[in-house]
Protein chains: 2
Amino acid sequence: MEKIKRNERLGAMTRILTDTPNRVHSLGEFCTMFGAAKSTISEDIDLVSASFKRFGLGEVETVAGAAGGVRYRAIPSRERAQKTLEELSERLSQPGRMLPGGFLYTSDVTAESTTAQALGEILAAQYYDRQPHFVLTMETKGIPIALMTARMLDVPLVIARRDSRAYEGSAVKINYIAGGGNTHIETMALARRAVSAGQRALIIDDFMKGGGTLQGMVDMMKEFQAEVVGVGVMITTVEPKVKRVEGARSLLVLEGFDDATGRAIVHPSDNFMD
Amino acid sequence: MEKIKRNERLGAMTRILTDTPNRVHSLGEFCTMFGAAKSTISEDIDLVSASFKRFGLGEVETVAGAAGGVRYRAIPSRERAQKTLEELSERLSQPGRMLPGGFLYTSDVTAESTTAQALGEILAAQYYDRQPHFVLTMETKGIPIALMTARMLDVPLVIARRDSRAYEGSAVKINYIAGGGNTHIETMALARRAVSAGQRALIIDDFMKGGGTLQGMVDMMKEFQAEVVGVGVMITTVEPKVKRVEGARSLLVLEGFDDATGRAIVHPSDNFMD
């Protein structure tokens, strides 16, 4: 095989590692691809790793053991995450986002792949050690952020529906309490084949007010005998202070709206990375 | 500024370019980041470009002009795209995917970020020259593929809903004919602020049978005075042969089901890349 220069290897290797976050690639895979010795590939990895560290581009790490190799994780620094969340807070505080009923218009932001990816990186970084088997969300607005979180963790996304559609096969349906009070009951459905007993679920959604939908997802996981290892949302309202779901982590906080200007009062939460 | 070696630059530059597909980065951005001359950065780009070409990892191209710079596009080769679609066809042909009513269970596949990304790369590659301003899909199952297509094109995703939710503000609602016959009417809603007149829309969905939902999205774009520059789906059924929507491109074809085994008969379409 023709010898491939380090300069050529570094670009290709970086592309392959960063395209599959959290996936372990064996050194042998790169040895075969580049016709190089393991020691050479190890040096390449050290170079990429050092470069990423220097420019705050995430972590390239060697994983020891039989199933070992090298892995990329897009873990943002605290400073970079803080900056992302501050910029997002500013966008969400722009005038014209207040909707009747005290809702905040966020659909343009949540469906932007760049934003969804940046938030997915921050959320995923909190849950690597919990090793979820999948990310669970409830349709619709949370899907882009949940998908990007799942991408960073290299696990599938599972989507709960408002009703069970014909093309999902047999489903588990539950009722849950949505909104304020105890009177507003909604239905959530999840395809029976989507989750297996004993799996670990990470629940991700875009918005939390009372926490009813998130608690609905927690209850749904009980039906499947799956374990919930974390609950993360993009934005939570300050009120009501007591949420139906326990232990949820939020990246942003919505304090309310300025009556005079109609602007939302949004800021990064204090504990988004604790 | 301390001098940064080529080896270090190549990894960082690759990571930045591939993390933002189709976005033009000025050479000046990299000159500042690395404290290097433009000629040096140009040589780096040539190296990354050659490496990507050699290993079929997409295109790194220099864009001329005042707003010029360098850009990454994840354009898969025809062979690689064919292989992706054949592997996907095989997965979808596994037993147990047939649902009552002749539906195919695909939710596990469509919600997998790796698959959604691979399909998004193939779909986006067909529409770079149409320069869509956004990708439009209808909730729910098409969202992951549509999001990844939008990511590859570096444009926002816009999601049409089955009903207009309180948190989306004022919306345009239309009725459209879904399913066979002319009797099954459904409703589609889209936030008024999501689309501006004169914008170019690329419509992406996971599944086409009669094409009614896709034609609904085309009609919705007429309401917004937006232009539809393409319609792409992951999979289309052979029957009915005449679809409500014109000119849709499909990556896969569902011929039907094998009565004896219950397996779906799925294969890549002939013209997925024409």
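What rotation, and what shift along its axis, superposes chain A on chain B? Colleagues, the answer is a rotation of 180° with 0.0 Å of shift, and the RMSD is 0.0 Å. The superposition is by least squares on the C-alpha atoms of residues with pLDDT of at least 70 in both copies. That is the relation of a two-fold axis. Within chain A, A:Gly11 has the C-alpha nearest the axis, at 2.9 Å from it.

Before I continue, some conventions. This is a predicted model, in which local features need pLDDT of at least 70 and side-chain atom pairs count only at pLDDT 80 or more, while totals for chains, interfaces and linings use all residues. Residues are numbered from 1 along each chain as its sequence is written, chains are lettered from A and ligands numbered from 1 in the order in which they are written, and side-chain values use heavy atoms, with hydrogens and water left out.

Let me turn to the single chain. Chain A contains eight helices and 12 strands, taken as DSSP runs numbered from the N terminus (helices H or I, at least four residues; strands E, at least two). Its C-alpha atoms fill a box of roughly 70 × 50 × 30 Å along the principal axes. Of its 274 residues, 56% count as buried, that is, under 20% relative accessible area with a 1.4 Å probe, protein chains only.

Now the interface. In contact, meaning heavy atoms within 4.5 Å, are 59 residues of chain A and 59 residues of chain B. Because 100% of the interface residues of chain A are also interface residues in chain B, the copies meet through the same surface. The two chains bury about 5300 Å² between them, 56% of it on carbon and sulfur atoms; this is the accessible area (1.4 Å probe) lost on putting the two parts together, summed over both.

As for specific pairs, there are two salt bridges between chain A and chain B, each a side-chain nitrogen of Lys or Arg within 4 Å of a carboxyl oxygen of Asp or Glu. B:Arg54 forms a salt bridge with A:Glu8, with the closest N and O atoms 3.2 Å apart.

Which elements build the side of chain A that touches chain B? Those supplying at least two residues each include helix H1 (6-19), helix H3 (38-55) and strand S6 (157-160). H1(A) gives the most, with 11 residues.

Conventions: Buried means under 20% relative accessible area, exposed over 50%, partly exposed in between (1.4 Å probe, protein chains only).
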